[in-house]
Amino acid sequence: MKLLKFTLYIFLPVLLLNSCRDYVEVEPVGNNRILKYTSDYRGLANNYESMTVAGGIYLLASADAEFPTTYQNSVSTIWSNAYTWQDKIYDPSQGDSDWNGLYKAIYYSNVIIDGVMGSQDGSDAEKKEIYAEAFVHRAFAYLQLVNTYSPQFDPASDNSAKAVPLLLKPELFSKLDRSTVGQVYDQIISDLKSALDNDIQDAAPFNVLPSKRAVYALLARTYLYMGSYQLSLDNAQKALALQNGLIDFKELATAYSYPVLVQNPEVIFSKTLLTTYDGSPLSNDLLNSFDSNDLRYNYYTIAGSNFFPTYTGRGFGMTRYSYTNGINVGVSVPEMYLISAECYARLGQTQEAIDNLNIVRAKRYKSGTVYQVSAGTSKEALDLALIERQKEFIGRGFRWFDQRRLNLDPLYQKTYTRVFKGQTYNLEPNSDGYVFPINQNYIDLNPELGN
């Protein structure tokens, strides 16, 4: 294969549209030089727009979303199909921005992993730092992909169902054979452990960069999705030992006082949903679950009149109150407390579960009001932990990943129903609707994707 020139910002739309097995395109931009120096690789690693993508179409399918009747006529076909759990999301002329963006981040990570240690004019420490960071970006992208386009990991099965392609080399032309769910999860864990083995920095200068605390937090999330609760708890506690600051909403004058991203003490590692999904109307049932003393209602949500098209109801507010934060779905301090609470409950440690819930709730309620919860059994504590996740992570798409994993548990299985343009749609337990289809355009060009 011919040597291809990679520019500093490598313009690589992952379109899969020009030729069979065409993974990405490379187009030189201006007078940018090839990746030769360590500083070039640092520039690529710091490409915020490309490296922090997280997809997000699953937000529309989650129980967080509810499209008012008048709003339904203004949404795109893509939104309509995702909202109603269709087996086809995109028209033949459309690409999948989530898939493209995540594989673009994977490609950039592979470029770094493959080349940075041989780059020039950088110290060994600088090269190793960039090298370790790339494993974290790649692990996050694959965690998003496997939980969007693949069946849920089931600890009671061999997880041999087909998932997504594992691309671990910066090859522009590659067969896109799909690995299994188990293989993708094995790679995610391997990548995160590789970051630790290469002495990733304890704390990054900015929360948009990977760090050791981010690795522990991502391991906690990964093991939670795998149903490995002790391992999830262990890693959540390691992350909290390195970062445990929470914003006290009582001390904010208004929601507009929420700190900007780089000053946000709760963000361990920033990843944001595509701005495409900004403004999705939120479920009335979820909105009504907030009691009047819970400040999150006014700080995490905002009136639908602030979005276009406008609607009656409320949407996720952080993109309006503190726009630099975006719809942040990277790992955070609140998530580590709530993962700890859930895992403690599942492991039968009721009081520890409640203690972790109340740590978060103490920072979210009005002054002088009762915020504490209590539980007499581990099942009660687990129910409280799951409810708290819905409130704390409202409007970010976490609900979809929770629905997928809880769907495996008979105690939490349920049928979701929504009416769209007069037609009723149901999402049954174990439905194929829990797996987003791979774009047919990509299968047509790469038939192995359909296997």
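Analyst: The account below begins with helix packing, moves on to salt bridges, and ends with backbone and surface details.

This is a predicted model, in which local features need pLDDT of at least 70 and side-chain atom pairs count only at pLDDT 80 or more, whereas totals for chains, interfaces and linings use all residues. Residues are numbered from 1 along each chain as its sequence is written, and side-chain values use heavy atoms, with hydrogens and water left out.

Helices and strands are DSSP runs numbered from the N terminus, a helix being H or I with at least four residues and a strand being E with at least two. In one packing, the axes of helix H1 (residues 38-45) and H7 come within 10 Å and cross at roughly 30 degrees. H1 and H7 are therefore roughly parallel to each other, given that angles under 35 degrees count as roughly parallel, over 145 as roughly antiparallel, 65 to 115 as roughly perpendicular and the rest as oblique. In the other packing, helix H6 (residues 97-115) meets H7 at an angle of about 155 degrees, with the axes 9 Å apart, so H6 and H7 are roughly antiparallel.

The side chains of Arg42 and Glu133 meet in a salt bridge, at 2.9 Å from N to O, where a salt bridge is a side-chain nitrogen of Lys or Arg within 4 Å of a carboxyl oxygen of Asp or Glu. Because Arg42 lies in helix H1 and Glu133 in helix H7, the pair ties together parts that are 91 residues apart in sequence. Both ends count as buried, Arg42 with a relative accessible area of 18% and Glu133 with 0%; buried means under 20% relative accessible area, exposed over 50%, and partly exposed in between, with a 1.4 Å probe and protein chains only. In general terms, side chains of opposite charge can pair when their charged atoms come close.

Arg346 and Glu342 meet through their side chains in a salt bridge of 2.9 Å, N to O, and both residues lie in helix H14 (residues 333-346), four residues apart, which is about one turn of the helix. Arg346 is partly exposed, with a relative accessible area of 24%, while Glu342 is buried at 0%. Elsewhere, salt bridges that share partners join Glu266, Asp294, Arg296, Arg361, Arg364, Glu388 and Glu392 into one network. Asp248 forms a salt bridge with Lys250, the closest N and O atoms being 3.0 Å apart; here Asp248 is buried at 14% relative accessible area, and Lys250 is partly exposed at 31%.

Several loops carry backbone features. Asn159, in the loop between H7 and strand E1 (162-165), has phi near 50 degrees, a positive value in a residue other than glycine, and counts as buried at 8% relative accessibility. Asp199 likewise has a positive phi, near 55 degrees, and is not a glycine; its place is in the loop between H8 and H9, where it counts as exposed at 57% relative accessibility. The peptide bond from Phe308 to Pro309 is cis, with omega near -5 degrees, and Pro309 is found in the loop between strand E3 (301-303) and strand E4 (314-316).

The loop between helix H8 (181-197) and helix H9 (212-226) also holds Phe206, which counts as partly exposed at 46% relative accessibility. Phe206, Val260 and Val262 form a nonpolar patch on the surface, with about 260 Å² of accessible area together.

Conventions. Patches are made of residues with over 30% relative accessible area and no salt bridge: like charges are joined within 9 Å, nonpolar side chains (Val, Leu, Ile, Met, Phe, Trp, Tyr) within 5 Å. Accessible areas come from the Shrake-Rupley method with a 1.4 Å probe; for residues, only the protein chains shown count as cover. Axes are lines fitted to C-alpha atoms, for helices over the stretch in contact, and angles run from 0 to 180 degrees between N-to-C directions.
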